[in-house]
Amino acid sequence: MKEKEDRLQRLTAVRPRLVSFALMHLRDREQAEDAVQEALVSAMEKNDTFSERSGYETWVFGILKYKILDAMRAQKRQGKWQPLDGEQDDDAIDRQFQQNGRWQEDARPSSWGEPEATFENEYFWRVFDACMIALPDNAARVFSLRELMGLSTEDICRELGIKENNCWVILHRARLRLRACIEKGWLKEETP
Amino acid sequence: MMCKEATRLMSLKQDRTLTFQERLSLRLHLTMCSACRECDRQFTLLHKAGRRFDPEDDDDGP
């Protein structure tokens, strides 16, 4: 049937984006591919239940989100995660500030330009992806759940079994690490 | 309030509504500190960057 064929084509087209989305959450190529595979199969099986109210790709992403959450729970159950306590000191963050809480001279943030222009630059995304990979696993997971999947910190805490305060500490550190990493990679390239 | 603490509030702002007191102290700090103003923009940009996976299949706006 024409419609089915059309959807199959759209699934093939969106697959790479599904994989990189899953990879940012799961931090494991094989598990990310598996979650996407399951989501694609599920999307084809449930093809008839797709209502035209949302876009087709949005609907498929929605299915993938559940598969990712399942896979994350499994990772955690199998003891593959470091403890999620945000209470320890973080050297990488402390290096950005002086003892008195002011920015270190070489860590002071500079302008990244207008967001619209920045987002159109493909190099920015290469730096962004590299910096996501460089994040510690837990920081990357919590950041992905919050900013990519768009869950509230309340939901994340329920999902991961941590206190909300802890979640905020982890996100604060993740953002500081990301910004320092992106600034290094992004602005250096801008001024050769 | 120093810059490190200010970045905590900037981060928090992306996740929940700040209290009146928090908003006030952050705003005061930002008027005095250009580095923190950039950091605030960067956190907001990171937040927006997270939406790049949102499929744009049928609606034109956010």
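User: What makes residues of chain B count as being in contact with chain A, and how many are there?

Analyst: Two residues are in contact if their C-beta atoms, placed from the backbone, lie within 7 Å. By that rule, 25 residues of chain B are in contact with 31 residues of chain A. Do keep in mind that this is a predicted model, where local features need pLDDT of at least 70, side-chain atom pairs count only at pLDDT 80 or more, and totals for chains, interfaces and linings use all residues. Residues are numbered from 1 along each chain as its sequence is written, and chains are lettered from A and ligands numbered from 1 in the order in which they are written.

User: Which elements of chain B give two or more residues to the side that touches chain A?

Analyst: Those are α1 and α3 of chain B, and α3(B) brings the largest share, 10 residues. Helices here are DSSP runs (H or I, at least four residues), numbered from the N terminus.

User: How do the residues on that side of chain B divide into nonpolar, polar and charged?

Analyst: There are 11 nonpolar, five polar and nine charged residues. Ala, Val, Leu, Ile, Met, Phe, Trp, Tyr, Cys and Pro count as nonpolar, Asp, Glu, Lys and Arg as charged, and the others, Gly among them, as polar.

User: Why is A:Gly113 called partly exposed?

Analyst: A residue is buried if 20 or more other C-beta atoms lie within 10 Å of its own, exposed if 12 or fewer, and partly exposed in between, with C-beta atoms placed from the backbone. A:Gly113 has 16 other C-beta atoms within 10 Å, so it is partly exposed. This glycine sits in the loop between α4 (91-94) and α5 (115-120) of chain A. As for chain A overall, buried residues make up 33% of its 192 residues.

User: What makes a set of residues a nonpolar core, and which members of the largest one touch the most others?

Analyst: A nonpolar core is a set of buried Ala, Val, Leu, Ile, Met, Phe, Trp, Tyr and Cys residues joined through C-beta atoms within 7 Å. The largest has 52 residues, and A:Ala22, A:Leu64 and A:Val142 touch the most other members. Nine residues come from α9(A), which gives the most. Beyond its neighbours within four places in sequence, A:Ala22 is in contact with residues including A:Leu64 and A:Ile68.

User: Why does this core lie between domain 1 (2-77) and domain 2 (91-190) of chain A?

Analyst: Both domains give residues to the core, so it lies between them. The domain bounds come from an automatic or database domain assignment.
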